[in-house]
Amino acid sequence: MGTIAKKTGTLLLTLLLVSAMAFLAFQVIPGDPVTKILGTDYTPERAATLRHELGLEGDISARYLRWLAGFVTGDFGISYSYMKPVGQVMEGKLAVTAALSVLSWLLVLLFSIPLGVALARYHKGVFARAAATVNQVFMAVPPFFIGILFTYLFGLVLKWFVPGKFVPFSQSFWGCLGYLFFPALAIAIPKAAKTARLLVSSIMGEMQKDYVRTAYSRGNSRWMVIRTHVLRNALLPVVTYLAMSLADIVAGSIIVEQVFVVPGIGRLLVASIAARDFPVALTIVVIIAALVVFMNYAADLVTQFIDPRVRLS
Amino acid sequence: MIDTHNKTFRAGAVITGVMLAIILVGLVWTPYDPNAMNGAAKMASPSFAHLLGTDNFGRDIFSRVVQGAGATFLIAAVSVAAGLVIGVVLGGLTGWYGGWVDELLMRLNDTLTAFPSILLALVLIAIFGSGKYNIIFALGLLFVPTFARIVRMEVAKQKELDYVRSAQLMGVGSMRILFVHILPNIVPVLLSTIAISFNNAVLAEASMSYLGVGVQPPDPSLGRMLNEAQSYLLSAPWYALSSGGAIVLLVLGFGLLSEGLGGETDA
Amino acid sequence: MLEIRDLHVTFTTTGKEAVKGIDLTIQPGERVGLVGESGSGKTVTAMTLSGLIERSIVQLSGQVLLDGRDILHCSRSELRQVHGREIGMVFQEPMTSLNPLMRVGEQIEETLRIHTHRTAAQRKALALEAMAQVGLPDPETTYYKYPHQLSGGQRQRAIIASAMIILPKLLICDEPTTALDVTVQQQILELLRRLSEEYHVAVLLISHDMTVVRRLCENVAVMYRGRIVERGRTEDIFRHPQDEYTRRLIAAIPTRKRHDATGKDN
């Protein structure tokens, strides 16, 4: 229990540091938002009122603490572009990105493990070698390029979906999922290829271990050795990798949302950066970074839980 | 020291070599002027006259891809080189001297890894603005911790070895030991990291330019071309295929090189 | 029962001939030691006999007959019938020879699962019995433990239990006690001896240590550079070594240990 408490402590500290760093980064940007927003309407009184509304008073540490207190209670500040609370600007978008990411992550899971096991099982066969080469290429294809190819093939040629015509949840659950399927697949393909590759090398590494020889000496075939002995060992690093890749997938969706015109926080982030709407950008950056930190923490705990050597000692 | 005879490494070397050769030739000669518009040959499909066809302004796509790949390559190479130099010096010094500066930098490092590279690059672009040089700056900054961490770890390890100890006893100066004696021993480890970082740089640059917050017109870039190409997918699919294909080849080549060097392939 | 005729093993990768024509016979229930320094080819021989050697990296010639069936030339599926059922194996490294993520009991009864049609309950009962036989404490609890919760000696006992549970004709032990400390070594050797006698299982002991061989095996073959240079009854060879290499091998044993080994034998 002590280690979990310690890890949770580190988690909170890292979250604090990450938020501080992100906050600081957006503070060094030159220019005064108040002056910019008010433009020709500028009067000292109005400026003071607006400054108060935007939470821009006081020195940097005071602003950070005020922002942090707001952040943890769901008050993310006011968007410069919309002059609305950031929470309202993001409304619904977070769920879209979450759905996209989880769907994509499930696809990675679905493809990578059977593929990795098959590649390791038939590693000397012609077919597996060809598949390994194709896998190598898939690892190198950026998700947004796959997205563009999908838009062309499934959207324009086969007309399985209408590119740019996102179906909201509220309208149709399955329609929404159907639209998100292609961007999710675009993000998943290179990630699944990498995961499969990791699993293959993990299995190959385990095959060199002494316990594998013992397993053979009992009369196991190669496939039985892989299935009953090696796989559970080889999956340990893969589980960690998969847990951490959810954060990568969210980051990947920033770009893929753009390709498929999916109204998620990724598109909002890009738009807010282009429009220099920093409260929105900061909020999204911190949410994603916090997710990364949290997933690393979760990966750590999951490994602890499934590895009896750590769990029981 | 480095096994360069395995198939993976050779495949990577061939792909990278061919890409590099085309890029180098492209610096002095391309079949057409990449920016020359030709109203008579808009959206022409690939032919002998235009290997990869033409775009919406009748510009030769092959020439544009060569130029774009060159620009992307240059941005990636310069930013990795910048990150490498600063990272090596920083990591070397902190690994050698240790102390609170070391502690502080490593804490900072751990925190930075919480931001996916594309996110960090976007933040830096938000702060410093878009454009070619800012991209190089942002990516360079991104790679400093990566290299610093590896060099620091290796230096701390090598510091304890006999050859370093004997050099110290013979009165060789710290800086000389660090950069003349230790550094060459770290090169093999660094090489595969350089290849991965290069790939990260290519992908980050392409992504940001695709999003419109990276390289700005009139500077060429594969990512920006993909963005343009997306509008003409139905009439000129070869435009997107060629510019995306060039990115894939660049990344694939370096990915194979890295794996051949015994490193990881993950971006 | 096991007959080796003019066995040659050459590594195709390096071209090195590790085993240069050896002949050896093991009778049912006989305990034979194969002794030699590292690199003498004794482990390669053991791996070849058991059929565990990776066939793609070696060139084999000669015959290894197990009850008339040639192990060198049978198919992979035939080999699997031999593994575990007719030949059991005990390896040098008890710390790493068990699967770290599989419960000890499950590993002990695996041979049964592969080669017999017994139910899970029957397998467990047999495993518990085997665990008691090899002297594992509290079998009912140990059955559910993971290898890292056992001591080195206990793990070696578990491996012996797993190799013996189906009563093979031959047990090949490759340096089974090298990684263990001295008192545990004696216990393990004693256990192997008892099991061999009680169940009439032949043992081929691979070792670099003459004293270990002497404690367990009535007969011994001394290997040097891929050849058997001397063979005979262990006692005879220990007292009157003929070959120069055997003499050096025995001379290398510290005197005190030599007396220890001759001393008690319970």
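The conversation below takes some of the terms used here and sets each against its definition.

Guide: This is a predicted model, in which local features need pLDDT of at least 70 and side-chain atom pairs count only at pLDDT 80 or more, while totals for chains, interfaces and linings use all residues. Residues are numbered from 1 along each chain as its sequence is written, chains are lettered from A and ligands numbered from 1 in the order in which they are written, and side-chain values use heavy atoms, with hydrogens and water left out.

Visitor: What makes chain C agree with a compact globule?

Guide: The radius of gyration is taken over C-alpha atoms, and the globule rule is 2.2 Å times the number of residues to the power 0.38. For 266 residues this rule gives a value near 18 Å, and chain C has 18 Å, so the two agree. The C-alpha atoms of chain C fill a box of roughly 55 × 45 × 30 Å along the principal axes, and 55% of its residues are buried, a word that means under 20% relative accessible area, with exposed standing for over 50% and partly exposed for what lies in between (1.4 Å probe, protein chains only).

Visitor: Which helices and strands are counted in chain A and in chain C?

Guide: Helices (H or I, at least four residues) and strands (E, at least two) are DSSP runs, numbered from the N terminus. By that count chain A has 14 helices and zero strands, whereas chain C has twelve helices and ten strands.

Visitor: Why does Arg225(C) count as exposed?

Guide: Arg225(C) has a relative accessibility of 57%, which is over the 50% limit, so the word exposed applies. Arg225(C) is found in the loop between strand S9 (219-224) and S10 of chain C, and its phi is near 50 degrees, a positive value in a residue other than glycine.

Visitor: How do you know which chains touch, and which pair has the most contacts?

Guide: Two pairs of chains touch, and the most contacts are between chains A and B, where 40 residues from chain A and 36 residues from chain B take part. No contact joins chain B and chain C, whose closest C-alpha atoms lie 16 Å apart.

Visitor: How much area do chain A and chain B bury between them?

Guide: Buried area is the accessible area (1.4 Å probe) that two parts lose on being put together, summed over both. On that definition chain A and chain B bury about 3,500 Å² between them, 81% of it on carbon and sulfur atoms. Met21(A), Phe144(A) and Phe145(A) supply 16% of the area that chain A buries against chain B, more than any other three residues.

Notes: Contact = heavy atoms within 4.5 Å.
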